Amino acid sequence: MTTANESAQFTIKSIVDGVRSSKFSATEVAAVYLDRTRKFASRLNCNLHLDDIAALSEAKAADQRIKAAGSGNLPLAGVPVLVKDNICVKGSKTTCGSRILENYVATYDATVIQRLREAGAFVIGKVNMDEFAMGSSNENSAFGPVRNPWNEEYVPGGSSGGSAAAVAARLAPVALGSDTGGSIRQPASFCGIVGLKPTYGTVSRYGLVAFGSSLDQIGPMTTTVEDAALMLDVLAGADSHDSTSVKHPDGGFAKALLADKHGFSGMTIGIPEEFFDSGLDPEVAACLEQAIAVVQKAGAKTKRVRLPNISYSVAAYYVIATAEASANLARFDGIRYGYRSAEKNLSLKEVYRKSRSEGFGREVKQRIMLGTFVLSSGYYDAFYSKANKVRELISRDFAAAFDSGCDLLLTPTSPTPPFKLGEKLSDPLAMYLSDICTIGVNLADLPGISIPCGRTKSGLPVGMQLIAPKFNEKKLLIGANAYERATEWHKASPNL
Amino acid sequence: MNAPLNGTKPAQTSNPGDAVLDRYEPVIGLEVHCQLKTQTKLFCGCSTAFGAMPNHNTCPVCLGHPGVLPALNSEAVNFAIRFALAVGADIQETSVFARKQYFYPDLPKGYQITQYDLPYCTGGKLTLASGKTVRLIRAHLEEDAGKNVHGDESSYVDLNRAGVPLIEIVSHADIRTPEDAADYLKRLRSLVRSLEICDGNLEEGSFRCDANVSIRPRGQEKFGTRCEIKNLNSFRNIERAIKYEILRQADLLDHGQPVVQQTMLFDAASGKTHPMRSKEESHDYRYFPEPDLLPLRIDEARIQRQRDTLPELPEAMARRFEEKHGLSAYDAAVLTSDKDLAGFYEAVVKRVGSAATEKIVANWVTSEYLREVNNRNWDLTNPPITADHLGELIELIGKGVISGRIAKTLFEEMAEKGPGKGPKAMVEAQGLIQVSDTSEIRNVVTKVLDANPEQLAEYLEGRDKLFGFFVGQTMKVSGGKMNPQMVNDVLKELLDARRKG
């Protein structure tokens, strides 16, 4: 097998090719990544519940499955996958970055885990995250903040910050993230990797600990667009356990990338004005300007479009997502599993109150209260109903932009480059605005992808977002792939 | 408790004072939870079987583990459609599940998945024995909660029932008497049982009722303030609770005090209702549409498939019993109040054949048989006296083998000790065959007359009433075995002879 250093440049594609042609085994791939994990994970605090033995036994089991299936047949043969700690892996802790689930061991596999295993991949570990996926900096984890591998004084973004940092540090070729308002794309942008949020319903949510059920999607975080396509091929599909999942009208995304001869040529890319206003960080603006030039040079026409209601997206999002979260998190009550206050002789009400007060972190409690409030009798119409009307208007804005002849939309992923640890902790509103470019995509159920498109003067990654119409992941990936081929940004990895 | 009470007189609980009912009119609406007897729960594949070891019928979904999602059981939807069809309700093309949020240990997710402002079924009606029609507001699908079990030191939670499918059926406040309330429930139970969507077992909780009760001065149009009574687990208690509540509210109003809208619990031991602690009912359930489930769409083809397989419903069956078996409306209603009872009756009719009329069979089933069913809490699906046994007994009367009196005694004996080898064998073993031999009857009658010279003398002087005395004496001496008609004939003949003599 090749050396560990070379493996740092491994992609899913290269691993699958190697394992399918029997050059090396899943177990050998695991050993290489576990070696890197031992070296770098604790510095970045991106992994949780490190367990080499469990990871190796997963790898061995994958080797057996690959052998049983005939090595050439499994699309993700030998691919180690890091899993955000809000996705259930049977027998493994699934903490959601929360004290309240600190010792919770999942009793079943999420559908995505089953699908990955069937495809020849294996779980190499679980990664850190903002508690219950609530946050944009990964500072809300009960298990400490994750650090950005490009500069450890900076945040990796959130909430899938552990996934992004680990993939950027090449501790695995891919990590699963979850995206409710930008939690895959924003950290992917902050860490210089690719993050794909599929159309709502594309990937089963069964086994993903719910935050905002009508917004949550699982997606891959990878180092290349082709790898994202290979992952989506396996992840996408209807699941009888998830009524909101659907059979994707397309499929064969990786094949479509290979077959595509046109890239951007013939495409019209919409540039929504609202995301390029004075609020945009000048360094990010400069990167985006260059990116637009690249797109044009690659053969796309660009066109300015408007999304008139997008300025309401953050407000609508924080009503809908928190409302759903307040119900979703009610089950963490100290009765059946999870943290229960150690105090003795508590009444039932006190068990609830103390267990939840002690078990949840500050941001989570804040959002539960917000969500509880907006659903309360007398406030429902003013908040929850209205937010859903805004959601509909935002969906129509996007639809109108696509109807006006745009194949894709191009925006910054985040209005700012990565910020320093602690910088925005005292200013929740500034933190919430960090998701302003991504939230609308969730509200409109659209697919979006963040890809690296530049670097700040201090060397921090900047990402751009492409957005496609519902279930048009194929076009989204073709566009992203065309951009990637025209640039070198994705090839760089942080110097650890 | 599987016994229908339709065939017996209402339990003799104290009626609200007539004076109270002269002044106030009760207004009653009922909410019924019917457990649908699907194989599996509403949102997961766990069994719905009653009586399993605690927490045996559970999985991550119904335990509310992190990350699980509900997947709707389509059999439950079909059952719900059958109900809506049977009461002539409107089935909504699109309905929406909602989360009803509150904290309680028996509610694993911290919310119940139910239907709120957009239920699958609206309208419909049910007709009572009194001819009164009770309109339904709605019915909706929802999941049941689990059960808290309180021990000496600790409380325990059993989640076997968590996620079992229910339909909640809400009536308009169209009911005006406690008796009609009980009749409504009996009819509803009978209906869901004949639809085979619910086993209607009040004791096991598969058929549960809450009553909304208010009263208003007679002649007043505006409804009074209502109280909801919970914990009503038998038809008798439902009547008792409502009667008590009417008196309680009337007493308040009579003393110039307002009725406070609150939830009451019925205590069967004391026969009284008392308020639940107010905190427990001051819920803001914060309903909102369940984002994990798509709106429920029910198309016409699906409705038609259920319509095509509906069984004969109680009302239609009652009409058939009137026409085919020549029964009164009352007998037909009683016999069709339960599908097993109706089946029993028809089986007896078949067994009896031409030996007795269908009316006679109906009398036996509605009086003797139902009395024992109620007194002995017989399970109608598997009664200890079979249709075959009762049929045989009635046949013995019809063929003149035994008298009706003997038959009733025999029936009580069968109910008490079990039917053994059946009535025919019992009749033979106990020598109960009716005496129809004229010479033997003559002998006994002659002896009776000779043994009672004073009464005979009086009779001969014109006291005709004493004829019955001689019949009774003759039957007594013969142990009731003599054919009563023949005894009458012989007695008349011999007495006439002595008068002339």
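**Stop 1**

Select domain 1 and domain 2 of chain A: 44 residues of domain 1 are in contact with 39 residues of domain 2. Here, two residues are in contact if their C-beta atoms, placed from the backbone, lie within 7 Å. What you have open is a predicted model, where local features need pLDDT of at least 70 and side-chain atom pairs count only at pLDDT 80 or more, while totals for chains, interfaces and linings use all residues. To find your way, residues are numbered from 1 along each chain as its sequence is written, and chains are lettered from A and ligands numbered from 1 in the order in which they are written.

Now colour the side of domain 1 of chain A that touches domain 2. The elements giving two or more residues to that side are α7 (185–191), β5 (194–197), α8 (225–235) and α9 (253–259) of chain A. Helices (H or I, at least four residues) and strands (E, at least two) are DSSP runs, numbered from the N terminus. The largest share of that side, 6 residues, belongs to α7(A). Sorted by class, that side of domain 1 of chain A has 21 nonpolar, 16 polar and 7 charged residues. For these classes, Ala, Val, Leu, Ile, Met, Phe, Trp, Tyr, Cys and Pro count as nonpolar, Asp, Glu, Lys and Arg as charged, and the others, Gly among them, as polar.

**Stop 1: the sheet in chain A**

Next, show the strands of chain A. You'll find 11 of them in an open sheet with mixed pairing, in the order β1-β3-β2-β4-β6-β5-β10-β11-β9-β7-β8. Two strands pair if DSSP finds at least two bridges between them. Which strands sit at the edges? They are β1 (47–48) and β8 (301–305) of chain A, each pairing on one side only.

Zoom in on β5(A) and β10 (residues 448–455) of chain A, which pair in the antiparallel sense over 3 bridges. There, A:Lys197 stands opposite A:Gly448 in β10(A).

**Stop 2: a loop residue**

Click on A:Met134, in the loop between β3 and α6 of chain A. Is A:Met134 buried or exposed? A:Met134 counts as buried because it has 29 C-beta neighbours inside 10 Å. A residue is buried if 20 or more other C-beta atoms lie within 10 Å of its own, exposed if 12 or fewer, and partly exposed in between, with C-beta atoms placed from the backbone. Leaving out residues up to four places away in sequence, A:Met134 touches A:Asn140, A:Ser159, A:Phe211, A:Glu363, A:Val364 and A:Arg367. Also select A:Thr322: 188 residues separate it from A:Met134 along the chain, yet their C-alpha atoms are separated by 9.6 Å.

**Stop 3: the cores**

Now highlight A:Leu76, A:Val81, B:Ala80, B:Phe83 and B:Ala211, the residues with the most contacts inside the largest nonpolar core, which has 236 residues. Such a core is a set of buried Ala, Val, Leu, Ile, Met, Phe, Trp, Tyr and Cys residues joined through C-beta atoms within 7 Å. Helix α11 (residues 313–328) of chain A gives the most to this core, with 9 residues. A second, separate core has 40 residues, including B:Phe344 and B:Val349.

**Stop 4: chain A meets chain B**

Show both chains: the contact takes 34 residues from chain A and 25 residues from chain B. On chain A's side, α11 and α13 (362–375) each supply at least two residues, and α11(A) gives the most, with 3 residues.

**Last stop: the end of chain B**

Finish at B:Arg498, in helix α17 (residues 484–500) of chain B. B:Arg498 counts as exposed because it has 11 C-beta neighbours inside 10 Å. Draw a line from B:Arg498 to B:Asn160: C-alpha to C-alpha, they are 80 Å apart.
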